[in-house]
Amino acid sequence: MTVPSTAQEIHLASRPQGFPTPGDFDLVQAPVTPPGDGQVLVRNLVMSVDPYMRGRMSDAKSYVAPYEVGKALEGGAIGEVVASGAPGFAVGDHVLHGLGWREYATVDAAQAVKVDPERAPLNAYLGVLGMPGLTAYAGLVDVAGLKEGDTVFVSGAAGAVGQVAGQVARLRGASRVIGSAGTDAKVAYLRDELGFDAAFNYRDAPVAEQLAAAAPDGIDVFFDNVGGDHLEAAIASFTVHGRAALCGAISVYNATTPPPGPRNLGLAVGKRLTLRGFLVWDHEHLREQFVREVGGWVADGRLRYTETVTEGGLAKAPEAFLGMLRGENTGKALVTF
Ligand code: NAP
């Protein structure tokens with residue numbers, strides 16, 4: 001195929017103040033760089049939009065370097081190799097890499113992982129079988145130490161991570177799985193399609209009230225994607241020795257002043273709670289086990305998932321990202337080119 005000399009990429013135009021706007025992104029025509037030794041040139045086919053990207057748009061000190069204003073954004077993507085300067089990578093191979101937000105990416109082969117479209121749909125490597133899936137699995141298995149018989153609460157349960165977390169809990173023997181989400185359609189999806197025992201819309205009534213009603217005997221494990229009122233409600237509902245895997249706190253990602261902490265944190269003492277934050281990249285050792293176990297459940301239909309795919313190419317990516325932050329996605333939010 002002919003490789004163009006220039007192609008589109010999306011730059012950070014400005015650091016968002018509060019909720020990001022379309023004006024924080026710039027669609028730019030940039031040169032396509034041929035691959036050097038040890039590199040591949042990739043034509044991207046699908047890219048991921050993720051909550052952590054909001055954090056990288058800010059220059060606050062964090063666990064990962066901020067995006068630079070005036071430079072292309074980055075993120076998970078899958079594409080087809082169109083030129084290769086790296087042994088082991090051939091034209092036509094499909095690779096997962098970290099240079100999304102652009103039509104063509106010149107990627108160091110060391111940062112690219114070959115994926116097989118015959119084994120699973122390409123999109124799944126960015127969702128249920130990729131980073132979000134491993135996050136759910138590691139959070140429950142490694143971080144929260146899920147045990148058979150646990151009552152588990154998952155916040156943000158209809159998202160990319162949450163939909164996997166709730167089902168892994170069920171399939172690994174939780175006695176009751178409860179989920180929260182922001183629309184009635186998502187709540188129905190959790191209950192009717194994913195087999196959650198109970199689910200509620202956090203916009204309907206205070207989370208603490210709805211959680212107490214859904215888990216009258218309390219919860220043993222909390223998988224938290226949301227933070228804020230959800231974390232406070234979980235602390236109130238925890239049984240003695242309750243364990244929280246703190247995965248994310250999306251309810252505060254756009255806050256312009258630091259939000260107050262859980263007002264009932266003092267309960268953690270008497271209940272002997274474990275509240276443990278984690279990052280997926282510290283749990284690589286679980287990947288093989290995750291692919292075997294979760295891949296098996298996906299293949300035999302016991303673990304289901306959905307995706308929200310924005311079609312129409314790179315220009316649609318900012319809107320897909322903003323839509324994800326607004327809660328318009330169910331399951332993994334993706335953009336196809
Ligand atoms: P996602 O859940 O697919 O998408 C984000 C969802 O967040 C939206 O669909 C929306 O759903 C919800 N949301 C937005 N604003 C909210 C608010 N104010 N209160 C409650 N819910 C809100 O995203 P994801 O990729 O699966 O990520 C989920 C969480 O995991 C995020 O916090 C992310 O940062 C975290 N994460 C952590 C790691 C790690 O290594 N620790 C790795 C991946 C992801 P509703 O309609 O339900 O509001």
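1. Ala-299 is found in helix α8 (287-299), where helices are DSSP runs of H or I with at least four residues, strands are DSSP runs of E with at least two, and both are numbered from the N terminus. With a relative accessible area of 69%, Ala-299 is exposed, a word that here means over 50% relative accessible area, while buried means under 20% and partly exposed covers what lies in between, with a 1.4 Å probe and protein chains only. The C-alpha atoms of Ala-299 and Arg-203 are separated by 34 Å, and these residues are 96 apart along the chain.

2. A word on the source: this is a predicted model, in which local features need pLDDT of at least 70 and side-chain atom pairs count only at pLDDT 80 or more, whereas totals for chains, interfaces and linings use all residues. Residues are numbered from 1 along each chain as its sequence is written, and side-chain values use heavy atoms, with hydrogens and water left out.

3. Which residues come nearest to the ligand? Of the 27 residues around the ligand, these are Lys-186, Tyr-202, Tyr-253, Val-280 and Asn-329, and a residue is near a molecule or strand if one of its heavy atoms lies within 4 Å of it. By class, the shell around the ligand divides into 16 nonpolar, nine polar and two charged residues; Ala, Val, Leu, Ile, Met, Phe, Trp, Tyr, Cys and Pro count as nonpolar, Asp, Glu, Lys and Arg as charged, and the others, Gly among them, as polar.

4. The ligand taken alone exposes 910 Å², of which the protein buries 89%; accessible areas come from the Shrake-Rupley method with a 1.4 Å probe, and for residues only the protein chains shown count as cover.

5. The elements that give two or more residues to the shell around the ligand are α2 (131-143), α3 (160-171) and α9 (317-326). Why does the ligand lie between domain 1 (6-127 + 306-336) and domain 2 (131-282)? Both domains give residues to the shell around the ligand, so the ligand lies between them, with domain bounds that come from an automatic or database domain assignment.

6. The largest nonpolar core has 48 residues, of which Leu-140, Val-152, Val-168, Leu-190, Phe-223 and Val-294 touch the most other members. Such a core is a set of buried Ala, Val, Leu, Ile, Met, Phe, Trp, Tyr and Cys residues joined through side-chain atoms within 4.5 Å. Among the elements that each supply at least two residues of this core are β8 (151-154), β9 (176-181), α4 (184-193) and β11 (219-224), while α2 gives the most, with seven residues. Domain 1 and domain 2 both give residues to this core, so the core lies between them.

7. Asn-201 lies in strand β10 (residues 198-201) and is buried, with a relative accessible area of 7%. The side chains of Asn-201 and Asp-184 are joined by a polar contact of 3.0 Å, that is, a pair of N or O atoms within 3.5 Å, where within protein one must be able to donate a hydrogen and the other to accept it, and residues adjacent in sequence count only if both atoms are side-chain atoms.

8. Two residues deserve a look for their backbone angles. Most residues other than glycine have a negative phi. Trp-101, which is not a glycine, has a positive phi of about 65 degrees; Trp-101 sits in the loop between β5 (94-97) and β6 (104-108) and counts as buried at 0% relative accessibility. Phi of His-241, again not a glycine, is positive and near 65 degrees, but His-241 is placed in strand β12 (residues 238-246) and is partly exposed, with a relative accessible area of 47%.

9. The loop between β12 and α7 (267-270) holds Pro-258, which counts as exposed at 77% relative accessibility. Leu-265 is found in the loop between β12 and α7 and is partly exposed, with a relative accessible area of 41%. From C-alpha to C-alpha, Leu-265 and Asp-116 are 46 Å apart in space and 149 residues apart in sequence.
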